[in-house]
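Colleague: Could you walk me through reading helix packing and nonpolar cores in a model like this one?

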Amino acid sequence: MRILGLSAFGHDTSAALIEDGVIRAVIEESKLSRQKEARGLPLAAMKFCLSKAGAGIESIDCVAITSTPFRGWMRRSAAGTRISPLDPVAAGHAQVREVGRLARELGYLRLLRHKTGTGKIIREVEHHFSHAAGAFFLSPFDRALVITMDEDGDGKSGMIAIGEGTRLRKLRDIRYPHSLAWLYSAITEFVGFTPHVDEHKTQWLSLSGKPEYLTVFHNMLRRSGDGALHLDHGYLEHGVGDRFVLAPRFWKETGLPRNSAELTEEQRTGLAASVQQVCAEKVAEIISALRQQHDLSDVCLGGGLFNNSLLVATLERTLGCDHVFVPPAPGNSGTSLGAALYVQHHERKAPRKIYRSAPYWGPSYSRHEIKDVLDNCKARFSFQLMRDRQLDQAVQLLLNGKIIGWFQGPAEFGPRALGNRSVLASPWAPYVKENLNDFIKHREWFRPFAVSVPVEDAPRYFECSGLCENMNSLAVVRSGAEGLPEGFVLPGGFVRLHTVSKESNPALWDLLRRFGTHAPAPMLINTSFNLFGEPLVVSPLDAIRSYSCSGIDALLMDNFLLTKAPVSALPVTREVSETAATLSGMSVRNLAS
């Protein structure tokens, strides 16, 4: 049976394909369309998933879409009326906006029916059930508490459920707009970042401040112990564009200026630290109460709020590292897979399978396809048929302080680079963070880089959980650990860590082990392979463009190597047979030639 899951209509759209219980393909629309704000139907992602099935839309048995437009419209409209009962003009504007949103979503649904055919089964799965299914059915737990939290999904801000086997049993909803995610986005905007885009910046900024405004945030959030999170309406009002914004009461109690441009750096970091801490406290309160009430030890977390790896790491410290699970893409893009899993297991009661933890479910490209792109770009490259020699060349470049683009295998699904579409560098290279920031990433000084390390070696240096494989949590530096590079440890001893297993990513695992024989530790900086403001690269053409337009020194795509400066030859053997010396017209050349 083939199920096509779609996260459509809103932001972070994506598509997923499950065939007979096996995840065949999952990809975000933005990575294929190269538009960071991809909305509407994810047509390019749908096309990719169908290509993996080797057939057209007629081969799909069911389309699961993560939206119920009418229910969402009714809930949001009711919430707008409750927030502004004495302001009919603001409430009226909000109603007009919601009617327009409903019309757009119904239009997308009509287009989907046209694309799939009139006889196709289209199952509308509620947004937070999709989040919950993606969190629970991908987890290793047979019975767990499931909590989802975001700003708005079908007129709800979250859901609390219990997952048991192939079933999800809802306990209660978190009503819109009683949302920690909304509060986090509001503070993100006020400290000078873009809401719904730059929340990760607020997360890292919080490490530089003190939670001086925590009392105000506690006053805003009440009765959270039993899971019924409540945001005091007195702190909300309708703003420009009929969005909810912070009301004058908030500014009065904090003593802050309403103009964010007037904030001092200390006030910005203090706000970030305060909202980060209150979110961690409230989520921990909810989980602790519900775990005790329902005699549960394991917890699955879904929704955009749990893209916050610092929040997840704090919860792991409280709840235990072995008892928390977060899916590879907890935000909206992950609901396409969640909707498909919901239909597969909850509705059709198909037995659960053990899904691989590393989400390499995106497009992959053959050597012939890569070579065609290189030839069309008239790029100068070297090709090594022997994998060992290719890895030795990469190690030499890294030891020489070069920054390399690493393009291998299928693209990863989710918001983070997990070693198939990454930029790698030695953490011991001089000025490496400055070079990455100034010539490639163009990011703020307070945002940390991640380090990749083989999973077997990680316990020597860090205390970490399995969530570090997808970078959904942070590690803590182990007391007495030696050989670590300077400048990568965050306040509290945290480190952004990416653990790599030989089973899930043999190429990067082998590179790390080889590099470790010449360096103090088998450890490399790993950051996303993309130009500033663009999605992660997916295709060879994306990679060549990002390499050519940035300060990356070399690019390794499969066994092809591109460099911007000559590289000295390596002392390696040349035991290559005559039959292996050519591959569809590609000559095997030494880098020195």
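Colleague: How are helix 5 and helix 12 oriented to each other, roughly parallel or roughly perpendicular?

Modeller: Two packed helices are described by the angle between their axes and the distance between the axes. In this predicted model, helix 5 (residues 127-137) and helix 12 (residues 335-347) pack at about 80°, with axes 7 Å apart. Axes are lines fitted to C-alpha atoms over the stretch in contact, with angles from 0 to 180 degrees between N-to-C directions. Angles of 65 to 115 degrees count as roughly perpendicular, so helix 5 and helix 12 are roughly perpendicular. Helices are DSSP runs (H or I, at least four residues), numbered from the N terminus.

Colleague: Which residues of helix 5 and helix 12 meet?

Modeller: Contact means heavy atoms within 4.5 Å. Helix 5 brings residues including His127, Phe129 and Phe137, and helix 12 brings residues including Leu341, Tyr342 and His346. The contact divides into 6 nonpolar, 8 polar and no charged residues, with Ala, Val, Leu, Ile, Met, Phe, Trp, Tyr, Cys and Pro as nonpolar, Asp, Glu, Lys and Arg as charged, and the others, Gly among them, as polar.

Colleague: And how many residues does the largest nonpolar core have?

Modeller: In soluble globular proteins, nonpolar side chains tend to be buried together. Here the largest nonpolar core has 98 residues, and Phe217, Phe250 and Leu271 have the most contacts inside it. Helix 10 (residues 265-294) gives the most to this core, 11 residues. A core joins buried (under 20% relative accessible area, 1.4 Å probe, protein chains only) Ala, Val, Leu, Ile, Met, Phe, Trp, Tyr and Cys residues through side-chain atoms within 4.5 Å. Residues are numbered from 1 along each chain as its sequence is written.

Key
This is a predicted model: local features need pLDDT of at least 70, side-chain atom pairs count only at pLDDT 80 or more; totals for chains, interfaces and linings use all residues. Side-chain values use heavy atoms; hydrogens and water are left out. Buried means under 20% relative accessible area, exposed over 50%, partly exposed in between (1.4 Å probe, protein chains only). Helices (H or I, at least four residues) and strands (E, at least two) are DSSP runs, numbered from the N terminus. Angles under 35 degrees count as roughly parallel, over 145 as roughly antiparallel, 65 to 115 as roughly perpendicular and the rest as oblique.
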